[in-house]
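The entries below follow the order in which I looked.

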Amino acid sequence: MTASSTRRTTAAHSRLAAVGAIAVAGALMLTGCGDQTKDTGSSDTAASAPLADKLPQAIRDKGVIKVGSDIAYAPVEFKDSSGKVVGIDPDLAAAMGKQLGVDFQFENGTFDTLITGLRSKRYDIAMSAMTDTKDRQEGIDSDTGKKVGEGVDFVDYFTAGVSIYTKKGDDQGIKTWSDLCGKKIVLQRGTVSEDLAKAESKKCPSGKKIAVEPFDNDQQAQTRLRAGGADAGSSDFPVAAYAVKTSGGGKDFQLVGEQVEAAPYGIAVAKNQTQLRDALKAALDAVIKNGEYEKIMKKWNVTDGSVQEATINGGK
């Protein structure tokens, strides 16, 4: 999910041509989140993994990296019909685990609490379609502009923007964010979609502000829109495109307008965990180099967001 920080740069390059390809082969169903899930992607021991010695000794001893994630954001991370955690992030984590000789254990939490969980050491990292922004790096609250924490470092691994979608055949005349004035939008709390809606609403004429209804997760927002409780919804482009392709067999929603605010997704790591951060970057670079990264992007039909190398704190 795009992070809860208003980005300081924007990009309006449409990737709408990828919509037809975003759906995953097979009938993967979105289901409710449990309290805790585990990715068992790596059976290699630390002794046999090529990059194991780059990890902090404490994590090598545990053999596990605990991952905070909002596991309700298909196709980035979600549960399939059998309850297994699947998606872009779990697949990348499994591939990185082979390089590092550890398992990445995904633990479910609401998106806007993941950084808090990282600070409290409940998680070792947060990997949840989280946009890397300067505010988040510096621990700045985007609403108040005040510093609320020490911030985090990011290992960037993907690029995505934000999209608007409506009920199919009923776009309400919405093509851009300014067209939302006087209308109601549903979205996930703590995301750039929420920041954009609030910022745009301030520009609207008096009496035509945007009614913003946030939810704990994107599925709840989709349900509200599907039931006719709003005029539009917004989420990251891969997620919006996946919902358009799969919800109701492709009959529920449609994308409107262009994708905006393109920026990197990053794996969040506490500022004082530089060794872990650098180990993750090395593992991701290795996965990109050996071709596993490309295979994962193709599997989920999101190659348009691929990167050529891992980057630390590339967000603006």
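**Entry 1: ground rules and overview.** I noted that this is a predicted model, in which local features need pLDDT of at least 70 and side-chain atom pairs count only at pLDDT 80 or more, while totals for chains, interfaces and linings use all residues. Residues are numbered from 1 along each chain as its sequence is written, and side-chain values use heavy atoms, with hydrogens and water left out.

I found nine helices and 11 strands in the protein, taken as DSSP runs numbered from the N terminus (helices H or I, at least four residues; strands E, at least two). Of the 316 residues, 55% count as buried, where buried means under 20% relative accessible area, exposed over 50% and partly exposed in between, with a 1.4 Å probe and protein chains only. I also looked at contacts (heavy atoms within 4.5 Å): among those between residues at least 6 apart in sequence, 79% join residues at least 24 apart.

**Entry 2: helix H2.** I looked up the span of H2 and found 13 residues reaching 18 Å from the first C-alpha to the last, close to the 18 Å expected at 1.5 Å a residue; the expected span is 1.5 Å times one less than the number of residues. Because 12 of its 13 residues are buried, H2 is largely enclosed by the rest of the structure. The buried residues include Asp89, Asp91, Met96 and Gln99, and the buried set packs against strands E3, E4, E6 and E10 as well as helices H8 and H9. Just after H2, I noted that Gly101 takes a positive phi of about 75 degrees.

**Entry 3: H2 against H8.** The axes of H2 (residues 88-100) and H8 (residues 274-289) come within 9 Å and cross at roughly 105 degrees. H2 is therefore roughly perpendicular to H8, a label for angles of 65 to 115 degrees, with under 35 counted as roughly parallel, over 145 as roughly antiparallel and the rest as oblique. The axes are lines fitted to C-alpha atoms over the stretch in contact, and angles run from 0 to 180 degrees between N-to-C directions.

On the H2 side, the contact is made by Ala95, Met96, Gln99 and Leu100, and on the H8 side by Ala279, Leu280, Ala283, Leu284, Ala286 and Val287. By class I have nine nonpolar, one polar and no charged residues; Ala, Val, Leu, Ile, Met, Phe, Trp, Tyr, Cys and Pro count as nonpolar, Asp, Glu, Lys and Arg as charged, and the others, Gly among them, as polar.

Is Gln99 buried or exposed? Gln99 is buried, with a relative accessible area of 14%, and, not counting residues up to four places away in sequence, its contacts include Pro50, Leu51, Ala283 and Asn290.

**Entry 4: H2 against H9.** H2 and H9 pack at an angle of about 160 degrees, with their axes 10 Å apart, which means that H2 is roughly antiparallel to H9. Ile88, Asp91, Leu92 and Ala95 of H2 meet Glu292, Tyr293, Ile296, Met297 and Lys299 of H9, and by class this contact has six nonpolar, no polar and three charged residues.

**Entry 5: Cys181.** I placed Cys181 in the loop between E6 and strand E7 (184-188), and found it buried, with a relative accessible area of 14%. Leaving aside neighbours within four places in sequence, Cys181 is in contact with Cys204, Pro205, Lys208 and Ile210.
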